[in-house]
Amino acid sequence: SKMTVKAVKMPCTSANVYTKVPDGGWGWTVAFAFFVVEALTYGIIKSFGVFFNDLMESFDETNSRISWIISICVFVQTFTAPLSTVLSNRFGHRLVVMAGGLLVSAGMVIASFARSVVHMYVTIGVVSGLGYCLSFLPTVTILSQYFDKRRSLVTAVASTGECFAVFSFAPAITALKEQIGWRYSMLSVGVLQLGITACGSLLRPIVIREQEEVKAQPPEESTETKYMLENEQTCTSIESIDSGVDITTSPSNVPGKTKAEPKSEEPKQHGQNPVDNSSTPPEPKTKLLDFSVMRDYSFICYAFFGLFATLGFFAPSLYIIPLSRSLGIGKDHSAYILSAMAIAEVFGRIFAGWILNKKPIRKIYIELICVILLSVALVAFPFASGFWGLMICSVYFGFMLGTVAGTHIPLLAEDDVVGIERMSSAAGVYVFIQSLAGLAGPPLAGVLVDTTKNYSSAFYSCAAGMVLGAVFLALVRPCKTGLCHHHHQQQQQEQVEESTAGPPPELPDDFIDMDIGKAENSGKGSDSV
């Protein structure tokens, strides 16, 4: 049962062929690549709050209009998720991630020369947003294919790259702005994001060929015995239908004919076997995007969970620095609060991966508990006062955010949602549905802040969305094996019973005619006697 590694050993270019999911091997390199991609995608998005005050002063814009930069970026990133799935299935994960890294870097570099906020909408919002989608989603998808038993733990630990990025980028960019200004700082970030392209080159495709060895071992004996059994079954079936038929087609009477037929067919089947084996890997790629997951009630509930929970993912990290500044906290201490949130998120992701890696635990329920506690953390922010109050709330929020943010996409591979076979398409559709919340979340919080003149309203809106997400997450498991699924099965069973109970099975027309003809012939024979 040992896994067999690829036969062609060309570094970083050929596919890895295994007889089962390796749970390691080249997967550790893919995990490292995912760590860096997380740091240079979501880490930069969450650290973008350090540019907010500079952009407001340079472009003389309101808080809500500046918030549209990240809002459009997140929307494009999630809205184009099905496109990322289609391109990955068509051209492979490696090329798609490398192209995404080029787009991310180009958008950020061009944005450093922007003269209005509208230019930021196009460069960071559209160009970099598309690059973020092409970089992140294929990486997390192929990482899930390399691991099975350790999937939750490895994905959670690798996703901490975003947290280390926020921890290191927020103070570094703040210090860099004081030396060279925000434009050259943004230019430096864009050049740094070229590392996504290098990480994309490490994403070797994986092929699982578990059935080849089983089919290749007994090729000849199974076919001979199969044909002998088929011939015997055909003889008995002919004899049982009509006892008056002459049995001249049995193998005992005509051995030449019966032996020639299987031999004429055997070479065809032996010639087709290697073709079938060689054509099995491309078969899953016939469907570039499988929308059949939309008929799964559990996936629909899980998608609504992601839709509402996204409201609480980005806005707190964007508004924590403006909130701290409104409470009289300095720039340096505000950056430390964001860094402390990132450190706590690291421990939250590792803790969630360790818990979800336990065998007897129902992972969907652990996720539900973490979402409820995350809602409590969002409500606690408006009641914080002073540096240490915000620090405690940020650490608590960061820890709980890590337990949810690092596991909500990999949980699609669990049987409670869709399973590993449909994860690629499900991830594209799931992130696509999240795009609505990614577009509306930050601007909605910005409008509330501009209207109420209080940053607390932004955190209340995030908490409301997280509570709604918890409600839909609680319905995922019942919809999979409980009320909704059982009701749907009953409806299908009733339709099947109606269709089967309709017309009686029809007998062949010549069945009765043969018996009647025999009876007439036997009657005539007796009369003649």
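**A helix pair and its setting**

A: Of the chain's 529 residues, 48% count as buried, that is, under 20% relative accessible area with a 1.4 Å probe and protein chains only, where over 50% is exposed and the range in between is partly exposed. The model is a predicted one, in which local features need pLDDT of at least 70 and side-chain atom pairs count only at pLDDT 80 or more, while totals for chains, interfaces and linings use all residues. Residues are numbered from 1 along each chain as its sequence is written, and side-chain values use heavy atoms, with hydrogens and water left out.

The secondary structure consists of 23 helices and two strands, taken as DSSP runs numbered from the N terminus (helices: H or I, at least four residues; strands: E, at least two). Contacts, meaning heavy atoms within 4.5 Å, can be sorted by sequence separation: among those with a separation of 6 or more, 83% join residues 24 or more positions apart. The chain exposes about 25900 Å², of which carbon and sulfur atoms supply 64%; the area comes from the Shrake-Rupley method with a 1.4 Å probe.

Confidence is expressed as pLDDT, the predictor's confidence in each residue on a scale from 0 to 100. Its mean over the chain is 74, and 71% of the residues reach 70 or more. Among the elements, H6 has the highest mean pLDDT, at 93, whereas helix H13 (residues 255–279) has the lowest, at 41. Residues 1–12 have pLDDT below 50, and this stretch makes 24 contacts in the model beyond near neighbours in sequence.

The part to examine is the packing of H6. Helix H6 (residues 93–111) lies against helix H9 (residues 161–192) at an angle of about 170 degrees, and their axes are 8 Å apart. Such axes are lines fitted to C-alpha atoms, for helices over the stretch in contact, with angles from 0 to 180 degrees between N-to-C directions. H6 and H9 are therefore roughly antiparallel, the class for angles over 145 degrees; under 35 is roughly parallel, 65 to 115 roughly perpendicular and the rest oblique. From H6, the contact draws on Ser105, Met108, Val109 and Ala111, and from H9 on Met186, Leu187, Val189, Gly190 and Val191. By class, seven of these residues are nonpolar, two are polar and none is charged. In this scheme Ala, Val, Leu, Ile, Met, Phe, Trp, Tyr, Cys and Pro are nonpolar, Asp, Glu, Lys and Arg charged, and the others, Gly among them, polar.

Gly131, a residue of helix H7 (residues 117–146), touches Gly100, Leu103 and Val104, leaving aside residues up to four places away in sequence. Gly131 counts as buried because its relative accessibility is 0%. Its C-alpha atom is separated by 9.7 Å from that of Ser84, 47 residues away along the chain.

Two loop residues elsewhere deserve a note on backbone geometry. Most residues other than glycine have a negative phi. Asp60, however, has a positive phi of about 55 degrees, in the loop between helix H3 (52–59) and helix H4 (63–79); Asp60 is exposed, at 69% relative accessible area. Lys453 likewise has a positive phi of about 55 degrees and sits in the loop between helix H19 (423–452) and helix H20 (456–474). Lys453 counts as exposed, with 74% relative accessibility.
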